[in-house]
Every structure is written in C-alpha cells, then in structure tokens.
Amino acid sequence: MSMLELSQVSKVYGQGAAEVHALREVSLAVDPGVMVAVMGPSGSGKSTLLTIAGSLEEASSGQVLVAGQDLAAMSRNDKARLRRRSIGYVFQDFNLLPGLTAAENVALPLELDGIGARKAQQAGLRALTDLGLADRASNYPDQLSGGERQRVAIARAVVGDRQLLLADEPSGALDSANGDAVMRVIRTACKRGVAAVVVTHDAQLASWADRVVFIRDGRIIDQTVPAPGPESLLGQDR
Amino acid sequence: MTTLTRPRAGTGNGGVPARRAVMRWGWRLFRREWRQQLLVFCLLTVAVAATVWGASAVTNAQLADPNYPTLGTAAAGVTLPGTDPDLAADIATISGRYGPADVIENQDIATGTTQPVQLRSESPRGHYTAPLLGLVSGTYPAGPGQAALTSQVAALYDAHVGGTWRAAGTTWRVTGIAQDPSNLADEFALVAPGQVTHPSKVTVLLGSAAAQQALNSGGATLPGVPTGVLFGPNINAGGPSPAVAIILVEVLGLAFVGLVSVASFSVLAQRRLRALGMLSAIGATERGLRLVLIINGLAVGLAGALAGAALGLSAWFAYAPALQQSTGHVIDAANLPWWAFAIAVVLAVVTSVLASRRPAKTMAAVPVVTALSGRPAPPKAVHRSAVPGVVVFALGLAALAYSGGLAAVGGSGDGPGSGGGPRTLHTLLLLGGLVAAIIGIILLAPLAISVLAAGAGPRLPVAIRIALRDLVRYRARSGATLAATTFAVFLAMGICLVASIRFDNPLDWFGPNLSSSQLIFPTGASPAPGEMEQLSNAQLTRLSGQLNTLAVSLHAQFVPLESPAILYQSDTQTHSPQNFTGTVYIATPRLLAAYGIKASQIAPGTDILTMRPGLTGVPRLEMIWTPPTACNDDDPTCGDGSQPGAAGGPPCTLSNDCLASPVIQTVPGLPGGTSAPNTVITEYAVSKYHMRAQLMGWLIQAPAPLTATQLNAARQVALAYQVVVETGSSSPGLRDFADGATALGILIALGVLAMSVGLIRSETARDLRTLTATGASGTTRRTITAATAAALGLLGAIVGMAGAVVAVLAWGHSSLSDMFNDVLLTDVLILLIGLPLAAAAGGWLLAGREPKVIARQPLD
C-alpha cells in the first residue's frame, strides 16, 4: 500500500474571473521508503500539492489517501491526529515555536498526541541526538543557526513513528553544505521506511530523491528516476 | 532515526499531556511578550486596585453599628439629669430592674475655651462600653485621683502620662491617654467609676430583654423612673454592604476593560498567527489552539488581579489614617471585606479569560495554510445586523423613560418615584435602562465604522485614505476600540446632561450652598444636634451687634435676612404642591445694595426677583404669606393640606393670603447659592399684600473668600450663642460636575485610543512595511496613525454624545433646549473637537518609527 496516494486531485482558488487552478487532476503515489522530489517553476502548484497531501488544505476534487485513509472523509480533529501521528512537515523557514527549546519543539507533536512530557522529551532528545544536535537540545530557536533550526524542524517531523515526511523547500534558507546535510537526513529517514515528498528548486538536491516529479501549471508533466548526480536533471527543468 | 512506541490516547485530542504542552507554550509566550500585554495588565490592575481600595474604604468609613457612639453595644439607654434629687436611687432601680447596666457619669468642666470637655466616669470593662472606650497609651484609671485624658484634652492642658492635671477642684494623676473609638471628637477625661462627684448627666446603658421591651412599648421613660429619658437605637443598621456598590461599579469598569482586552488579545493572536498555524500543522486540535490564547488571558488576568489586589491593599493601608481623621472614628485597617476582594479578583480573571476566548476562537478557525502564511485572513464583507443593538438600546430607552426621571432618584421627593415599592421599581428600571442603553450603544457603535468608508474618498490624502479604509477593513479591532471610546464619551456626556437637568430645575434649586465669601447666621440656637431653640430678643440684639462688628472687621456687607412668604408650585393633577427649595427673603435695600442691584433695575409691579433661570416660566407658581404665628409645631395641619392651593385646602386667592402667578423678574446679580438669597420678594409686594416678615438670620457678604482665621472668628461668635454658622461647603457646582465628567471621559477615551490604536496599526504592519519600502516617509506613517486615532475619536465622540442625548432625553422627559440650557459649551466642544484633536496629536507624536524588521514572523 502506498503511504501517499493522490488520484485526480485538483485545487481551485477563487471564483469567477479570479479563479485560479493551482492543481489539475494530479495523481501521485509514494510508497514507504521512497523519496520523491517535486520540481517546477514558481506558481506551478508544488506547495499546494504538498499542503493537500499534508491535510493542511482540502482538494477541490479528487481523492487523497494517507496511509490508506481518505482525507475527505476525515474531520478537522481527525486530520489533526493524522498530522500528529503520520505526517511530518518541514518548512523552508523552519517554523519552530519560540518559547520552546529545541527538545521541546521536537517533543511537541508527541505531547500533543497525549504522550507524557518526560517520555516525549526523551524521544525528542533521541531524535536530536540522531541529527547531531544533542548539545543544542536546551537552546531556544533564536539561539540556533539556520542549519540547526532546520535539522530541529526535521527532527520534529520524523519524531515518533511518522510514515510520511513532507518538506517544502527544506533547504531554501540554507547554504549548500547545510542543504546537503538536510537532504541526507531525509534520505536516512526514508531508509527507515518513511515516505518523503520534497519540494525543491535545486536540481542537485533533487538528485537525492528516488523519483523526481516535474510539475507545471498545476499538472504533472514528467516523472523520472534521477541518475546519480544532479547534472542529469538540468535538461528536464523547463 | 528515532522510533517511539506511542501510547494511543483514548480521546484522540491528546488529553492532559497535550493540554499541558499547549499551556506551557502559552505561558512561555506570555512571559516573552509581556510588553504587548501591558495594556490589559494595567487596566485590570487599576480596576482591581480601585475595587480593593474602594471596598476597604467604604466598609471602614462607617462604624460596624452606627449606634455605637450613643449606645455602645447596648440595646437601650436612659439619661438622667444631674439635678435628679434621687439620682443614686434611680440608678439603683434601673440597674436592679433592667440590669445588667453600665453607668456613665459626665460632669462638664470649665476649660477656659469653647471646647466642651467632660469629666467622665465609665468602666472600661463594662458590659456595653467596648466601642466607647479605648486606651491609646498608659493604663486606665483604677482609683481615686487617677484620670486618663483624651489626646485633645492632654494637648489642651499640656498634660502627659505620669504627670498631673488639675480640674474640677482636684489634682488628678494622668495614668494614660484614652479615646472614644466610635467618636474621636469626643473630648473627655476618664476617671474610675464613682469618682465624678457632681455629674451633670448620667447615662445608663442597658441590654436586657426587659429594657428592650420597655423601649419597644414606645414609652419615653422606664416604669418607676420618671426622671430618666429612655432612648434606643435611632439609626437602622444592616442592609447591603456598601462594598456591593463598589463591586457593581467594578463590573461596569471591567466591561470597559473587557472591550479593550478583546482588541488587545485579537492583535496578540494576529501576531501569533503563524505560530498557531505551525502548531496546527503538527497536529494541534482547534481546542488546543484556543487554549494557547485562553491561557494567555488567564495569565494576564491573574497577574493583573494579583498586582491590583496588592496595589489596592497598599493604597488602603496608606489611606486608612486619613480616613480615620475624616470619619472621626477609629479605623481598623485590618478589617477588610475579603469577600469583595475575592469577587474583584475572580471578576478580573474571568474578564480577561472571556476577552481572550473570541480572538482564540477566531484564530483557531483560520485555515492552516493561511495561518502559516502569516497573513491575516482577507477581511470578509461581514454584514453585522444593527437590529440587536437597536432593540437593546430601545429597551434601555423605554426603561429609562419609565424610571421616573430625576424625581425618582430623590430630586424632589414628590415625584412619581416616591414611596417604597415604586421607588424600588424605578431604581431597577433606571439601572436596567442604563445598562441596556450602554450595551446597545456598544453594539451599535462599531456599525458607525461603515461611514468611514464613505469618507475615504479619492480626494483625501493617501495616508488618511489608507487609515480610514483600514479601519473599515479591520473592524474587529477598530469596532471594539470605537465601542470603548463611545462608552467613555457616553458616560461623560450623560453626566454633563444629567447635571445640567438637575442644576436647571428652578424650583428644586441645586448646587453649592454659599460661596466662600459668604456666611449665614441663623436666629435659632442648636444646643445639640437635631435640637433647635429660638434665641430670645435680647440674645438676637446682642448677636446682631456682634455680627455687625464682625462684618466691619471683615470689610463685609452685613444683611439681615427676613422672610415673609413661601413659594410653591400647585399641581392640578396630584394636588400635591411641589415645594420651592430655599428661603424667600425680602429684597431690602441693604440686600440689593450688597449685590449692586439698583432700584431702577426693578420693573414696577414686580413681586419677586430671582437669579434662577427659568423660574419666570414655571406654571402655577403660587406665593402664600400665612403669618408664621398661625402655624406652630403642634398644629398637624400646618403646611399640610390646609394651606391654599394644596389638596383639600382653600383656593389661592388674596383673601386667603395667597397670590397665584406672582410677577417675577430675573436679576442675574443675585447670589446663586442654595442658601443664599437667590430669590427675594420685593418690598413693594410685602407692602402691597401686607405680609409680615420674620427675621431668619444674617448674611455676611465679604469682598473676598474668607480665610481660616476669619472663619474661626465667625465660629467663635456662633459658639457663644450656640448657633450654627453656615459657611460655603465643598459641594460641587454644575461646572465642577461637567468639567470633571468631561475630563474623565476624555482621559478614558484617550487612554483607550492611545493603547489600542497602536494595536490596530500593528494589524496592518505588513502594509506599513510595504509603504516604507515604497518610500513613505515618517510623516506618512505619522499621518496614518494620527488619522486612525482622530477618526475613532471623532466617531466615538459623535456616537457617544448622540447616544447620551437620546438616553437622557428619554430619562429626563425634557426638551433639547432644557437639557442643553446649562450644558457648558466648552465641555461639548472639548468632547467633540478636543478628543479627536488630542487623539490625532498623540498618534502623530507616538508614531512614525520606521519598522525595525522586514521579516514578519514571530516564528524562528
């Protein structure tokens, strides 16, 4: 069973003359342990695809299944629970909560899911240790560098037994070294069985993926398995 | 990578751990962003502090039992004259039959001053004397030759504990300083029981059922003791605590604080929108999102309430000594209405939590993606119905209209609100109507924001246009601010108008009694409070001479005041005459000369001269001059239904010594005080109708305000004749009321605007950054903020004033011209023009700083 399955998904914003088709009958399936990169120009619908897959937005039509569950049939609270337990989200601008330490930020989804603070923070600390941030666990977000913040965000996205990792330009605010490090972390998560969808502009980073999906004007125009190294992708990004 | 065996929560919403996590974050945010919450914190602190201080003050301002000064804890008392030949036997009889009894013997002693001092024998360990006796220092007298003095007596004789004091032919050793805790003005020297040899008065306090029964039977004396005068409590104790009124005022104040808090929390929620979106993205439920802001409200409420309680208590302990001095009884600063404090604190916390609920709900409903973008949801064209506001306001007006107006709140006592049941109903209608009118105006005020859209035309400068359109677009905040501003103006204008109506009643004249340069001496002596005796002719002659001398020393006019008649308005419907308040004196040449009024100014045929505006227009005014000798205190019909014009009385004709519709001329030169000769009868009328005048007193009109020394000299003269000289009281006049209300309204409104305009502008901070990026200068930013504040101030002033006018019209049943007759134009202008101008100036001065950051996120 695919971890994520989009069938004929469309998304329309606005009405009448202001109507914008962000996605047009997009179908995509991501199996456990597979990392899919989504590439495309600005405004092509990449982020919309990710937010719909992550249950942050509803599709105008089509079906979205996450771990076999139809999002359309779920209430807001059910979706929230799904996000806590199955979906990890990573944003370009980190989106760590101020006022919470790195460990507390990572542990937050677990605590929100009813796990005791001590256990949750132990799990958060382990996740941070895996990402080499154990010594920064008690630091607040504004005391961390950009790369560290994104790694904390990834730790928060994968903590627990999440099966789907959605990353929207996870390295967009990072230098290339940190960008590679972030992709390496996501790749490692996939090896553990996590399905990942990564939106990126960077062909080199997309080369970390098992499959690259090209999207333009809301439509998937191509899918390919990247050759080792990013150079092979440059000709595809039209 | 980390894996975790997840214990599935049963509820699916995370249960306690989730709530704890969200609460922890809410608490941390509160600590990090406390500056943004200072406004709400300060308002709550002030509200609770004022309640704690006020409740403490009103609770302690009155004695636990108002009868303490006369009875102590006894149920009844008997006073026996010192001249009673069987004094000892009578005391023994009373003690035996009605005991247990406490005997207090008083002997007047000459001090060489006008201060009355008594030698008093009283047991400090009596059955009922605990509230009457307290020891400041030293010990109570225990035997012959010992005395404890009050501090005033000790100061008078320069006596001190351990020294001696000579009085009543005896040298006393001073053992201590004593006081009457219920009456600190009571000056006495306490001696041991039985040490007063020649008492001038003996009081026996009783608490037995037999004594109470004798009192309840209505007898003036106790059976078997004909010389003793029986007395009991004369002031009803009990009733609701005055602190209840303070709590009610707090509720009103907190309603106002709540409005501001909603705006403040809304902006706070807006600032945290992305963070809340993030929280939602990682799986927080809507309930969890709401909890973040509600925890914030709870934290602010608790902090404000506790800080307010601490501040209020500190203020109370600092103020208690001053209150003790002004009330004249011992204040126990630790006697505090804790229940009122608890209510105040709970109300403050509840207000804050309730104020945070709506923004919390709104923010929790924002779609996650929208929240994550950090952009507020585009304002929707919400059609808010005016119906609820109109209905509530109309109900308020109806209740006010039927509340009986000024008469029902004690204006004249003859109004429709007189009497027990109706008065309670009218009071309830008045309070209910007022609350409904306020709620209605608060509901309606935000709708007025719409008119700004019409005003924001393309011809306006761009900064003003932006400000006005933003107010319309983001009316959640601007509406709440406008409602609070409107509320402040409504109150201020309402007070001005009610004061105007109250001060404008030419019959029931209201205001300060005298100016500070006037004195009035009556011709009746007042040997004790409530008692009145007419001075003899010889005494009157001597007093008149002394007052003349006093007036000369003060370079003042000395005017005998004679009154020949009374005025009233007959009521053809109820047949109950409405009295004319104040005494109508004769316009003697001396009186007119004292106020620079020449005989040529008086129109021929005028009966009455007055400075009261509107008196000439009062219908059915009648003047009677029944000779005072025909009316004595024993005549139950005197001044009642037998007088002309009254129900059942004869018609008002000259043959009945009554003149209907006397000729009245308004003379502004007469003094305006309620006790001053503001309305006088001409000598022409006195002569024409053969009125008999009676000397009522003397007026001393000084050229300048009298000094404390001059007032003291006047009091010394009055004391010598046991008369009570009337001096200018500190009662506020119309101007004081109107200016005070206007200043209060302006301050509250400006406070609201100062604290919330910044919040409103912060909602559009992104636009401000865009403006800055496109080259807008500080002037543009200042103009936007100034225009925002000015628009809200102007709109609030207009709506608040309109609402107040309509509400007071309904309540007072008066015409617009009557209502605005005495309203000071300056107060209206200050509210209508000054408020927006001051708001604009404040906005201009406080705004203009360039946004520090381009990044907008409160996330990292």
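**Entry 1. Helix pair in chain B**

Axes are lines fitted to C-alpha atoms, for helices over the stretch in contact, and angles run from 0 to 180 degrees between N-to-C directions. I worked throughout with a predicted model. With that convention I looked up helix α9 (residues 286-327) of chain B and helix α10 (residues 338-364) of chain B, whose axes lie 7 Å apart at a packing angle of about 155 degrees. Angles over 145 degrees count as roughly antiparallel, so α9(B) is roughly antiparallel to α10(B). I also noted the handedness: the crossing of α9(B) past α10(B) is right-handed.

**Entry 2. Strands around β7 of chain B**

I next asked which strands of chain B pair with β7(B), and in which sense. Strand β4 (residues 134-138) of chain B is antiparallel to strand β7 (residues 170-179) of chain B, and 4 bridges join them. Within this pairing I found B:S137 opposite B:I177. Strand β5 (residues 146-150) of chain B pairs with β7(B) in the parallel sense, over 5 bridges. There, B:L149 has B:I177 as its bridge partner.

Strand β6 (residues 164-167) of chain B contributes 4 bridges to β7(B), in the antiparallel sense. The bridge partner of B:A167 is B:T170 in β7(B). I then inspected the link between these strands: β6(B) and β7(B) form a hairpin with 2 residues between them, and B:A168 in the turn has a positive phi of about 55 degrees.

**Entry 3. Overall figures for chain A**

I turned to chain A, where I counted 7 helices and 10 strands. Of its 238 residues, 56% are buried. Among contacts in chain A with a separation of 6 or more, 68% are between residues 24 or more positions apart. The accessible surface of chain A is about 9,000 Å², and carbon and sulfur atoms hold 46% of that surface.

**Entry 4. The four-stranded sheet of chain A**

I traced an open sheet of 4 strands in the order β2-β1-β4-β5 (chain A), with antiparallel pairing. At its edges stand β2 and β5 (69-70) of chain A; each has a single partner strand, so one side of each has no neighbour in the sheet.

I then examined the pairings of β1(A). Strand β1 (residues 4-13) of chain A and strand β4 (residues 61-66) of chain A run antiparallel, joined by 5 bridges. In this pairing A:L4 stands opposite A:V66, and A:S10 has A:S61 as its bridge partner. With strand β2 (residues 20-30) of chain A, β1(A) pairs in the antiparallel sense over 7 bridges, and A:V9 is opposite A:V26. The hairpin of β1(A) and β2(A) has 6 residues between the strands, and A:G14 in the turn shows a positive phi of about 75 degrees.

Helix α1 (residues 46-53) of chain A lies across β1, β2 and β4 of chain A and runs at about 120 degrees to β1(A).

**Entry 5. The six-stranded sheet of chain A**

I followed a further open sheet, of 6 strands, in the order β6-β7-β8-β3-β9-β10 (chain A), with mixed pairing. Its edge strands, β6 (87-90) and β10 (219-224) of chain A, each pair on one side only. Ignoring direction, neighbouring strands of this sheet are turned by 20 degrees against each other on average.

β6(A) pairs with strand β7 (residues 164-168) of chain A in the parallel sense over 4 bridges, and A:I87 has A:L164 as its bridge partner. α1(A) packs on this sheet too, touching β3 (35-39), β6, β7, β8 (195-199) and β9 (211-216) of chain A, and its direction makes about 150 degrees with that of β7(A). Helix α5 (residues 146-158) of chain A lies across β6 and β7 of chain A, at about 165 degrees to β6(A).

**Entry 6. A lysine in helix α2 of chain A**

Is A:K79 buried or exposed? I located A:K79 in helix α2 (residues 76-85) of chain A. Its relative accessible area is 8%; since buried means under 20%, A:K79 is buried. Leaving aside residues up to four places away in sequence, A:K79 touches A:S55, A:E58, A:L71 and A:M74.

Key
Residues numbered from 1 in each chain as written. Chains lettered and ligands numbered in written order. Predicted model: local features only at pLDDT ≥ 70, side-chain atom pairs only at ≥ 80, totals over all residues. Heavy atoms only, no water. Pairing = 2+ DSSP bridges. Buried < 20%, exposed > 50% of the residue type's maximum accessible area, 1.4 Å probe, protein only. Contact = heavy atoms within 4.5 Å. Areas by Shrake-Rupley, 256 points an atom, 1.4 Å probe, with all protein chains shown as cover. Parallel < 35°, antiparallel > 145°, perpendicular 65-115°, else oblique. Left-handed = near helix turned anticlockwise from the far one by under 90°.
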